[in-house]
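I opened this notebook to keep track of what I looked up, entry by entry. The structure comes first and my notes follow.

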Amino acid sequence: MSLLTHLLACLFGMGSWVSINGLWVELPLIVPQIPEGWYLPSYLSVLIQMANIGPLFVTLMHRFRPGALNEAAVIYLIIGVGTVATFLMGFFWKETVVVGGGSRSVALLVLTFFLATVDCTSSVTFLPFMMRLKTQYLTTYYIGEGVSGLLPALVALIQGVGVVHCINSTQSLNHTVNSSSSVTLDLRAEYQPANFSAEVFFFFLSAMMLVCLLAFLMLNYHPSVAREHPNGRVKEKSQRNSEWVEEKPMIDSLRPENTKRRSGFGAGSYSWAQVVYIFVVLAWVNALTNVVLPSVQSYSCLPYGNNAYHLSATMAAVANPLACLIAMFFPIRSLLLMGALTVTGSGVGVYIIAMAVLSPCPLLVNETSGGVIMVLAWILFILTLSYVKVIIGVILRDEGHSALVWCGAGVQLGSLLGAVTMIPVVNVYNFFTSGDPCNTKCP
């Protein structure tokens, strides 16, 4: 096993969602300085779902014109676009244009759409590319994908994004013209200035995308990486027609010749019922982890204090690569274990959503134990479901290149369904209520 290849696979995976993850953690610093205000997150959610046109195009090309799309060229293109877009974001995120009689952050929204297209398309291109390397490196790729959320979160913590101090404010209340006014003391939430600007943060994200590009170059051309390609994982010309077809996965060559294929999917290791089960779990898990729970994280955590919110966000980001690291040493392909972990993680997610619904006065809101339980719940939720995602990736990797393309499509479909469900609930019907971090009083 090549340590260099592991490192390159990790850095390559790091570029998959780093731009959008970084944009989300920077919102508390961006929102006060743009005309859209806190409507921006809902706009971003819509833009991210519109960006699914990228993976849809790649998936349809793979289905109807197999071999016509140069996978490496597409990856070079999207990483290049991501690098340039994050760099330009550092210059233009505050720029506004008058549209319909009001100021709008057109540059920010347009660049966000490009970043979202890059990240969404990475789901159906980065994973299939990892077929060129041995199975162990796919888990390392998932670690890098986890780091794409962890690293921006840590940098944002160093930056001091979203740190709130409660400041005493004095208000005078005049009851009548002749009577003396009464003075009341109240607490006002005040965001502290960041240690460095949003511009510097976006330049950092651009540098991370550039590192991803360099890692991809080395994965393609470094001699030590070439030695890590599994034997027989090449494309060969079909004798019957002019299409390029995949050679069967290596797992097929290890089977006895009389072993019957259980379905027409991939290597045929699983029946169609099991394939449907795997993809339903894949879509469900990604809907929860990518959209549903993140959209209510502030409602579930802020009632327990600002520290609980930041700690849950940071530790959840740590739990993602940790789950991938565990999967590297224990790559269990059991469908039963997958189901058990999905039920466990979903149950924890139900608790988190229930506390968000009860916001600003959830259970144990005035107790230290309440914040501790919420942080642990977020860690367990991300840990279990991230492990499930890696195991599904490993299973589908054994089924061949096409299976990984459909894996990426399943990830995006799950995220889309989650967004379609949560955007109306959170932003239109205002089903959740946030509390004031300084003045919320609960019985």
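**Entry: Ser16.** I began with Ser16, which touches Asp119, Ser122, Phe126, Tyr141, Glu145 and Ser148, leaving out residues up to four places away in sequence. Contact here means heavy atoms within 4.5 Å. Ser16 sits in the loop between helix 1 (3-14) and helix 2 (18-25). Is Ser16 buried or exposed? Its relative accessibility is 0%, so Ser16 counts as buried. The cut-offs are under 20% relative accessible area for buried, over 50% for exposed, and partly exposed in between, with a 1.4 Å probe and protein chains only.

**Entry: ground rules.** I noted that this is a predicted model, in which local features need pLDDT of at least 70 and side-chain atom pairs count only at pLDDT 80 or more, while totals for chains, interfaces and linings use all residues. Residues are numbered from 1 along each chain as its sequence is written, and side-chain values use heavy atoms, with hydrogens and water left out.

**Entry: the whole chain.** I looked up the secondary structure and found 18 helices and 6 strands. Helices (H or I, at least four residues) and strands (E, at least two) are DSSP runs, numbered from the N terminus. The chain has 443 residues, and buried residues make up 49% of them. I then took the contacts between residues at least 6 apart in sequence: 79% of these join residues at least 24 apart.

**Entry: cysteines.** How many disulfides does the count come to? It comes to 0 disulfides, a disulfide being a pair of cysteine sulfur atoms within 2.5 Å. I checked Cys120, which counts as buried at 0% relative accessibility. Cys301 also counts as buried, at 0%.

**Entry: helix 4.** Of the 11 residues of helix 4 (residues 40-50), 8 are buried, so this helix is largely enclosed by the rest of the structure. I listed the buried ones: Leu40, Pro41, Ser42, Leu44, Ser45, Leu47, Ile48 and Gln49. They pack against helix 2, helix 3 (27-30), helix 7 (106-122) and helix 18.

**Entry: helix 4 and helix 18.** I followed the last of those partners. The axes of helix 4 and helix 18 come within 10 Å and cross at roughly 155 degrees, which makes helix 4 roughly antiparallel to helix 18. Axes are lines fitted to C-alpha atoms, for helices over the stretch in contact, and angles run from 0 to 180 degrees between N-to-C directions. Angles under 35 degrees count as roughly parallel, over 145 as roughly antiparallel, 65 to 115 as roughly perpendicular and the rest as oblique. The crossing of helix 4 and helix 18 is left-handed, meaning that the near helix is turned anticlockwise from the far one by less than a right angle; clockwise would be right-handed. Helix 4 contributes Ser42, Ser45, Val46 and Gln49 to the contact, and helix 18 contributes Ser415, Leu416, Ala419, Ile423 and Asn427. I sorted these contact residues into 4 nonpolar, 5 polar and no charged. Nonpolar covers Ala, Val, Leu, Ile, Met, Phe, Trp, Tyr, Cys and Pro, charged covers Asp, Glu, Lys and Arg, and the others, Gly among them, are polar.

**Entry: helix 5 and helix 18.** I looked at helix 5 (residues 53-64) against helix 18 (residues 401-428): their axes come within 10 Å and cross at roughly 150 degrees. That makes helix 5 roughly antiparallel to helix 18, and their crossing is left-handed. The contact is formed by Pro55, Thr59, His62 and Arg63 of helix 5 with His401, Ser402, Val405, Trp406, Ala409 and Gln412 of helix 18. These residues divide into 4 nonpolar, 5 polar and 1 charged.

**Entry: the loop between helix 16 and helix 17.** I found Pro360 in the loop between helix 16 (335-357) and helix 17 (368-398). The peptide bond from Ser359 to Pro360 is cis, with omega near 15 degrees. Leu364 belongs to the loop between helix 16 and helix 17 and has a positive phi of about 60 degrees, although it is not a glycine. Most residues other than glycine have a negative phi, and most peptide bonds are trans. Leu364 counts as partly exposed, at 41% relative accessibility.

**Entry: Phe431.** I ended in the segment after helix 18, where Phe431 lies. Phe431 is exposed, with a relative accessible area of 52%. Leaving out residues up to four places away in sequence, Phe431 touches Val357 and Val425.
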